[in-house]
Amino acid sequence: MLQPASIIAKERDNPSKKVLPMEAADRSIQQFDRERSDLFAKRKDKRTGDLLEKYQAELKAARKQLTSPSLRSFAAAKAVPVAASVDLYEPNDEVSQAAPVSAGNSIESYLSYSGDQDFYSFEAKKNAPITVSLQVPSTMDYDVYVLDELGEVVASSANGKGEEEMATFQATAGSKYYPVVHGFDFSTDEPYQLRLAEDQLYVFQPYDVSLPEGVDQVFQLTPTTDGIYRIYTGPYGDIGPENDTVIELYSDSSLTELLADNDDVSDLTRFSEVTPYLVGGQPYYVKLSALGGNLHTRIRAELDPQSYPELKTNNPLDITLEGLSRNVYKFTPDASGNVKFFTSPFGDGNLVVDTVLELYSNENLSNQIATNDDNGESLFSEIQMNVTAGEPVYVVLWAYGDDFSFVKLNASADSSASPTIAVGSPVIQENSLNDGTISAIQVVTLANGAFVQDMSSGVTVNNLPAGLGLQVTRITDTQLSIAFTGKAMNHANANDVSNATVTITPAKVVGASTNLTSNPFRFDFIDTAIGGSVQYVYNNRNQLTQIYENGTLIIEITYDENGNVLTKTRVN
């Protein structure tokens, strides 16, 4: 977390810096106002940077005039702001009134009248890049400037109407800075949002650092997944010379709670590496320094492959992404076939996130096999590919954004038709012993999908006679068999069941999103006759084929392919 900014407690009346030249102090108020307006207009129109030094000098002179005591009192009398909805930071129209801000916070305020400009202040606690971003109302034209203690512009952003402004600069620990919001328009009911953030170290995103001797760099690292992380340095741009680095990892922004540190990872290198276990969602702070000389290196933070979370078929994950961090998931197909990897709104809501999907064949993410940014219909991403059962695919997901993003990651079978199941035997017959046991096997066939490898659960026979159990065996990707164990408690002919069905949960079928239920079939029980028992056997067309008496075949019937009786033979 970024450190709170210090309050500007001292007025800017230091004669060595703030006393104006006589000619500036003697200018008329009207002349100054015209010059200031012309200055900002030129600054707005000239975006190519070829006159940047000239404009910065003019801005510096204008700022000094703005902080002149006489002009300040005149401006206070001249400006009559329209009451804004809520503005907690006014008055902050000049350096001496700069409102203190805390780095990392989002500030909502207003430019309340024509010519209004808002000053803020903070003190940098660390040597680190800092980005000041300004979210501008859609119909307004606002710019942002950052001044240092000497009044120099260290960063600025001047885009068009309604466009976000972002000004990034390298802050020096202990120095004071003044973000300034300037508007060519104003609004009393549409606020702007100003946010101050130091640079972040994102997971699986390398960061090149080049700083002079004696200057350290501090990053904030916020993992979104629990696991073992590898934080390490290497050559600048992966091609530079070796640099003698030191990595320190802290749990607090004041850098007092040291979790891990390393100078040289081995006797063979002067680069550094730490491998801590980090908790997702908790911020950590990485201090990077050099032992003598300039700091010129690349730093990375990566999740160890053994900590990759698993992505399963038809089991979507709601995911939090931190900035430009890349989340990695291991997907191991249960069955071969075509799988669609895609992103969608978090929690089945309607928030659209600009995502990127990447697929790799190896855990160290060096062999990319597919990638997609936008799916052609929205900012979400989609990749379809054939996978092989048991061969893992590594899915990388990230989003465009400097803050947290929320998205759902999915992996499902891609099919033009929904999966369906059907049973092969319309009748399941009790054994001739008439003891409630069943030796007949029911075969279930799947269309437009594939069974996962483990089918030991997730299969139910509805209206199964009491006393019977199931034993499910996966035959192929599209067939399984069901054997019936135990004994039916009630197995007289009157206890026949005519509306039995098979239901399989979607987690057991690649491409299914809901439970699959088969066509109905019948359990047929036999009665005990006087002096013995009679058993009737039917084929899969529900045609009588055999009759047993006391366990002995007495009649056998055959049919042609159209269902007509061919023969009816008494055996005994």
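A contact here means heavy atoms within 4.5 Å. By that criterion, residues 24 or more positions apart account for 70% of the chain's contacts with a separation of 6 or more. The model is predicted.

**Whole chain**
- The secondary structure consists of 5 helices and 43 strands.
- The chain has 572 residues, and 44% of them count as buried.
- Its accessible surface comes to about 27000 Å², with 48% of that belonging to carbon and sulfur atoms.

**Threonine 269**
- Threonine 269 counts as buried because its relative accessible area is 18%, and the cut-off for buried is under 20%.
- Its side chain makes a polar contact of 2.9 Å with the side chain of glutamate 242.
- A polar atom of the threonine 269 side chain also lies 3.0 Å from the backbone nitrogen of phenylalanine 271.
- Leaving aside residues up to four places away in sequence, threonine 269 touches Glu242 and Asp264.

**Nonpolar surface patch**
- Phe346, Phe404 and Phe406 make a nonpolar surface patch of about 260 Å².
- Phenylalanine 346, one of these residues, is in the loop that runs between β22 (337–345) and β23 (355–360).
- Phenylalanine 346 has a relative accessibility of 34%, so it counts as partly exposed; that class lies between the cut-offs of 20% and 50%.

How values were computed: Residues numbered from 1 in each chain as written. Predicted model: local features only at pLDDT ≥ 70, side-chain atom pairs only at ≥ 80, totals over all residues. Heavy atoms only, no water. Buried < 20%, exposed > 50% of the residue type's maximum accessible area, 1.4 Å probe, protein only. Polar contact = N/O pair within 3.5 Å; in protein donor to acceptor, adjacent residues only side chain to side chain. Helix = DSSP H or I, 4+ residues; strand = E, 2+ residues; numbered from the N terminus. Areas by Shrake-Rupley, 256 points an atom, 1.4 Å probe, with all protein chains shown as cover. Patch = residues over 30% accessible without salt bridge, like charges linked within 9 Å, V, L, I, M, F, W, Y side chains within 5 Å. Salt bridge = Lys/Arg side-chain N within 4 Å of Asp/Glu carboxyl O.
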